[in-house]
Amino acid sequence: MNVELIGICKTFGPVKANDNIHLRIPSGTIQGILGENGAGKSTLMKVLSGFIQADQGVILLDGKEVRIHSPADAIHYGVGMLHQDPLDFPPMKVIENFIAGSPGKIVPNSKEVIARFYELQQQFDFALDPQAHVDRLTVGERQQLEILRLLWLGAQVLILDEPTTGISSLQKIKLFETLRKLAAQGKTIIFVSHKLEDVEQLCHRVAVLRRGQLVGEATPPYQMDDLVQMMFGKVVSFGGRESYKPGEIALELKGVSIEDYRMRIGPVNLQARKREVIGLAGMEGSGQLLFLRACAGLIRPTAGRMVVNGKDLTGKSYHAFLKNGVVYMPASRMEEGLVPGCSLMEHFVLARDQAGFFVDWDGAKKTARDQIAAYNIHGRPDSTVESLSGGNQQRALLALMRTPASLILMEHPTRGLDIESTLYIWSLLKGRCSDQDSAILFISSDLDEILQYSDRILVFFAGRVSPALDAASISVDQLGQLIGGRGWDAF
Amino acid sequence: MSLETILTGLAGVLAAAAPVIFAAIGETLTERSGVINLSANGKILLAAMAGFAVAVSTNNLLLGCLAGMLIGSLVAAVVAFSSITLRQSQVAVGFVLALMCRDLSYFLGNPYMGLSGPRIPSLPIPVLSDLPVIGVIFFRQDILTYLSYVLIFAAWVWIFKTRPGLMLQGVGEKPAAAFVRGANVNRMRYIYTLVGGALIGLAGPTYSLSVKAGWKGTISGLDGIGWIALAITIFGGWNPLRAAFGAYLFALLQWLGLVLQPSLPDIPSQVLQVAPFPLMILTLLLVNIGNTEWVERVLASLPEGVRHAIARLIRSLRASPPAALGTPFEQE
C-alpha cells in the first residue's frame with residue numbers, strides 16, 4: 001500500500017511536535033524513520049495509526065484521502081502499529097490475545113483460529129505456542145504475536161516503534177527477515193528507530209526528523225556522518241574547557257553488572273574522582289538510568305563491588321549510600337523529587353535532620369529564607385513547590401541536597417529549563433565540584449550539555465557501556481555514532 | 001441427625017448461597033472491566049427493602065425482583081458516573097454509598113417492618129426432583145436458586161469463552177490495548193458496572209422474598225453480606241466458578257454453625273454465629289497462598305518432585321487482579 005503524508009502538523013501547547021511533514025512511502029518499501037528522543041517520530045506515527053489526529057495535513061492511502069479517527073479505524077484501512085511496549089494482555093493466553101478484538105461470531109471457533117494461527121506463523125518460521133500465557137513470553141515473542149495478529153486483521157502497512165529494543169540478537173535477525181519477507185509481499189513497513197546500524201542493515205530508505213521537522217532523506221549506501229549530522233544538527237564544540245584537578249576516588253565500580261527484565265548492563269569498571277564531572281550519554285532507555293540508580297543504591301547490582309569513598313557499600317540500602325554522601329536527583333521533579341502541596345519551608349524541614357520531636361518553625365523559616373537567597377529561587381518560604389517554575393523547582397532541589405555530598409547523581413539536570421536557568425544550575429553544580437570536592441555523574445540526552453560540562457563521558461547503547469572517554473578529545477561525530485550503536489568494535 | 005435433615009439442610013445451603021452468588025458474580029463482572037463497586041453491602045439492603053415493599057404493594061413477585069435490580073443499577077450508575085466520567089476515587093464513592101444505602105433502607109423501610117408479604121414459591125423440577133439425594137438437594141428449589149446455577153456457568157462462559165468476554169478481560173487488564181483493538185473502553189465499563197449492579201441488586205429481593213422472607217430492618221441479618229461478597233470476588237480470583245465455590249462454602253459454614261450449636265452447649269452461640277466469617281477468610285487465604293513470596297522460598301527448599309506437584313497446584317489456584325482495576329482510562 002502506498003502511503004503519503006502531506007503537510008502533517010501537530011502542536012502540543014507551545015511545542016511543534018510535527019511541523020509540516022511531507023513523506024511518500026511506496027508499497028513494498030521498508031522506510032526508516034530516524035531521530036533523537038522528542039524529534040517527533042512517535043507523534044507522526046501516532047497520527048498515521050489513529051492514536052491522535054493531526055491539526056493539519058492529509059493522509060493518502062493508495063492515493064485516496066482517509067481520515068483515521070482511532071487505532072481500530074486505522075486497522076480497518078490496513079494500517080497496524082507495533083508499540084514499543086507491546087499492547088497486549090499479559091495474563092491471557094497467546095490465542096486469546098490473537099482473538100480479542102477480531103471480528104466474528106460471539107463464540108469464536110478456537111480450532112479454526114488456531115489452525116489459521118499455525119498457518120500464519122509457519123510463513124515466518126515463528127514457533128509460538130497458542131496455549132502459552134503471554135506473560136511467560138519474551139518481548140521478541142510478544143512482537144511476533146502482534147505482527148501475526150495485525151497481519152491476520154489485514155494490515156497492509158506495519159509501523160514498528162523501536163522494535164529492536166529489548167529483544168535478543170537472534171530475535172532481531174528473525175524480525176528483520178520477517179520484515180523483508182513482508183516487504184517482498186508488497187506490504188509497507190515503517191521502521192522507527194534511533195539505532196543507525198539497524199536502519200543501515202534493514203531500510204530501503206530513511207527519513208530523518210529533528211525538532212518536529214523532516215530534515216532530510218537518504219537512500220543506501222548511507223553516509224553515517226551525514227545521518228548523524230541530520231539527527232543532532234550542527235553541534236558546536238566548546239573550546240577552552242577548564243582543566244580539572246581530579247582528587248581521590250569518590251566512587252569505584254569493580255565489575256558491576258546490573259539487570260532488569262529488559263537488559264543486562266556491564267560488567268562496568270569505573271573510577272570517579274572528586275571534582276570530576278562524568279556525563280552519561282545515550283538514547284533514552286539504553287541503560288544509563290539503570291546504571292545511575294545502581295550507583296545511588298536504589299537498584300542492587302547482580303555482580304561486582306561498589307566502593308564509595310573507600311567504603312564497600314555493595315548490596316547496601318539507599319540509606320547507607322545517603323549516609324556516605326551520595327545524593328540522587330531524579331528527572332521527574334514533581335513526582336520523585338518534591339512533595340506537591342508542601343511549601344518550600346516544609347521541604348527544608350523534611351530534608352534536614354532535626355533534633356527533637358517538635359518542628360522548630362522559626363528556625364525553619366530562617367533556613368528557608370537563607371537558602372532561597374543563596375540559590376536565587378524565585379519564591380517565598382510559604383510558596384508551594386508546584387507554584388514554582390521548572391527552573392526554580394530545580395534550584396530548590398539543589399538547595400535541598402545534603403551537604404557535603406561526595407557524589408552527586410543527576411538525571412537530566414536541566415531538562416525543560418531555559419538557557420538562563422541552565423547556566424545558573426551548572427554554575428551551582430560546578431561550584432559544588434570545586435568547593436566541596438563533589439564528583440558528579442549526570443544523564444543527559446542533550447549532546448551539547450554532555451560535551452560542554454563533562455570531563456569524561458560514558459556512552460550507553462542497548463546496555464553496553466563504553467570506557468570513560470576523555471571529553472576534550474572526542475569528536476561530536478564519534479559520539480553521535482556511538483550513541484547510534486556504531487564504532488563499538490574499537491573497545 | 002437423620003439423612004433427611006442433612007439433605008434438606010444442604011438444599012437450604014444452596015438456596016442461601018444464591019444471593020451471595022448473584023452479588024459476587026455481579027461484582028466480578030464489574031471489576032473485570034476495571035471498576036470497583038464498593039457499594040454492594042448497602043445496595044443489597046436497599047434492594048431487599050425496596051423489592052419487598054414493591055412486592056407487598058403490588059402483590060407481584062416479579063416486580064419486586066425487578067425493583068431490586070433497578071436499585072442496584074441506579075446505585076451502580078452513581079459509581080460509574082463519578083469514577084468513569086468524573087474520574088473520582090471509586091473507593092471513596094463506593095464506600096460512602098454503601099453506608100448511605102444501608103441507612104436509607106432502614107429509614108425508608110420503616111413502614112414495611114414486620115409485614116407479612118408474598119414469598120417466591122418453590123418449584124420442583126419434574127423428573128429431576130425425584131432423583132434420590134440429588135433431587136432433594138438441587139431440584140426442589142425456587143426459581144432464583146435455579147437462576148443462580150445458570151448464572152455461574154453463563155458468566156464463566158461469557159468471560160472466558162466469548163469474544164466480548166475476552167475484550168472484557170482486556171479492558172480491565174490493559175485498557176490501552178483494548179482500545180487499539182477497537183473497544184470503547186468507557187462505554188464497556190458503564191455497561192458492565194450497570195449489569196453487575198443489577199445482579200448485586202437482585203441479591204436483595206432474593207433475601208427478602210425467598211431466603212429470609214420479609215423485612216425486619218436492622219435485625220434482618222443482611223448487613224455484612226455485601227462485604228462478604230466483595231471478599232469472595234477477590235479471593236475467587238475474579239472467576240465465577242471460584243466465586244461460586246466461595247459462596248457455597250460461606251453458606252455451608254453458616255449452616256454448620258446452626259446445626260452444631262445444640263451438640264456443643266459449652267461454646268457460646270455467638271461464637272458459632274460469627275465463626276463462618278474468620279473461617280471463610282482463612283480458607284480463602286489458604287487457597288491464595290501461592291501469591292506470597294515466602295511460599296516460593298519454602299518451595300525452593302523442597303525436593304524436585306514434591307515441589308513441582310505443589311507448584312502446579314498453587315499455580316492453578318493463583319489469581320491476580322485485573323491490572324487496571326480502579327484506574328480511569330484516558331485516551332490520548
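User: How many bridges pair strand 14 of chain A with strand 15 of chain A, and in which sense do they run?

Analyst: This is a predicted model, by the way. For a strand pair, look at two things: the sense and the bridges. Strand 14 (residues 303-308) and strand 15 of chain A pair in the antiparallel sense, over 2 bridges. Within that pairing, Val307(A) has Asp312(A) of strand 15 as its bridge partner.

User: Which sheet do they belong to, and what is its strand order?

Analyst: Read the order as a row of neighbours. Here the row is 12-11-14-15 in chain A, an open sheet of 4 strands with antiparallel pairing. Strand 12 (264-273) and strand 15 (311-312) stand at the edges with a single partner strand each, so one side of each has no neighbour in the sheet.

User: Which strands of chain A pair with strand 18 in the parallel sense?

Analyst: Take the partners one by one. Strand 13 (residues 277-281) of chain A runs parallel to strand 18 over 4 bridges, and there Leu280(A) has Ile443(A) as its bridge partner. Strand 17 (residues 407-411) of chain A is also parallel to strand 18, joined to it by 5 bridges.

User: How many residues of strand 18 of chain A are buried?

Analyst: Count along the strand, then check which way each residue points. Strand 18 (residues 439-443) of chain A is mostly covered, with 5 of its 5 residues buried. Ala439(A), Leu441(A) and Ile443(A) point one way, while Ile440(A) and Phe442(A) point the other way, and all are buried.

User: Now a helix. Which residues of helix 12 of chain A are buried?

Analyst: Start with the general idea: an α-helix has 3.6 residues a turn, so residues three or four places apart point the same way. In helix 12 (residues 344-351) of chain A, the buried ones are Leu344(A), Met345(A), His347(A) and Phe348(A). They cover an arc of only 160 degrees around the axis, which puts them on the same side of the helix.

User: What do the buried residues of helix 12 of chain A pack against?

Analyst: Two other helices of chain A: helix 13 (361-374) and helix 14 (390-400).

User: Let's zoom out. Into which domains is chain A divided?

Analyst: Watch for a domain made of more than one stretch of sequence. Domain 1 covers 3-232, domain 2 covers 249-325 + 403-490, and domain 3 covers 344-401 of chain A. The C-alpha centres of domains 2 and 3 of chain A are 27 Å apart. Where those two meet, 9 residues of domain 2 are in contact with 8 residues of domain 3. The domain 2 side of that contact has 5 nonpolar, 3 polar and 1 charged residues.

User: Is Val228(A) buried or exposed, and which residues does it touch?

Analyst: For one residue, count its neighbours; 20 or more other C-beta atoms within 10 Å makes it buried. Val228(A) has 24, so it is buried. This residue sits in helix 8 (residues 224-232) of chain A. Leaving out residues up to four places away in sequence, Val228(A) touches Asp477(A), Gly480(A), Gln481(A) and Gly484(A).

User: What about whole chains: how many helices and strands are in chain A and in chain B?

Analyst: Chain A has 17 helices and 21 strands, whereas chain B has 15 helices and 0 strands. For overall shape, compare the radius of gyration with the globule rule. For chain A, a compact globule of 491 residues would be near 23 Å, and its 25 Å agrees. Buried residues make up 45% of chain A and 44% of chain B.

User: How many residues of each chain take part in the contact between A and B?

Analyst: Look at each side in turn: 18 residues come from chain B and 17 from chain A. On the chain B side, helix 7 (163-173) and helix 8 (175-180) each supply at least two residues. Helix 7 of chain B gives the most, with 7 residues. By class, the chain B side divides into 7 nonpolar, 5 polar and 6 charged residues.

Methods:
Residues are numbered from 1 along each chain as its sequence is written. Chains are lettered from A and ligands numbered from 1 in the order in which they are written. This is a predicted model: local features need pLDDT of at least 70, side-chain atom pairs count only at pLDDT 80 or more; totals for chains, interfaces and linings use all residues. A residue is buried if 20 or more other C-beta atoms lie within 10 Å of its own, exposed if 12 or fewer, and partly exposed in between; C-beta atoms are placed from the backbone. The arc is that of the directions from the helix axis to the C-beta atoms. Two residues are in contact if their C-beta atoms, placed from the backbone, lie within 7 Å. Ala, Val, Leu, Ile, Met, Phe, Trp, Tyr, Cys and Pro count as nonpolar, Asp, Glu, Lys and Arg as charged, and the others, Gly among them, as polar. Domain bounds come from an automatic or database domain assignment. Two strands pair if DSSP finds at least two bridges between them. The radius of gyration is taken over C-alpha atoms; the globule rule is 2.2 Å times the number of residues to the power 0.38.
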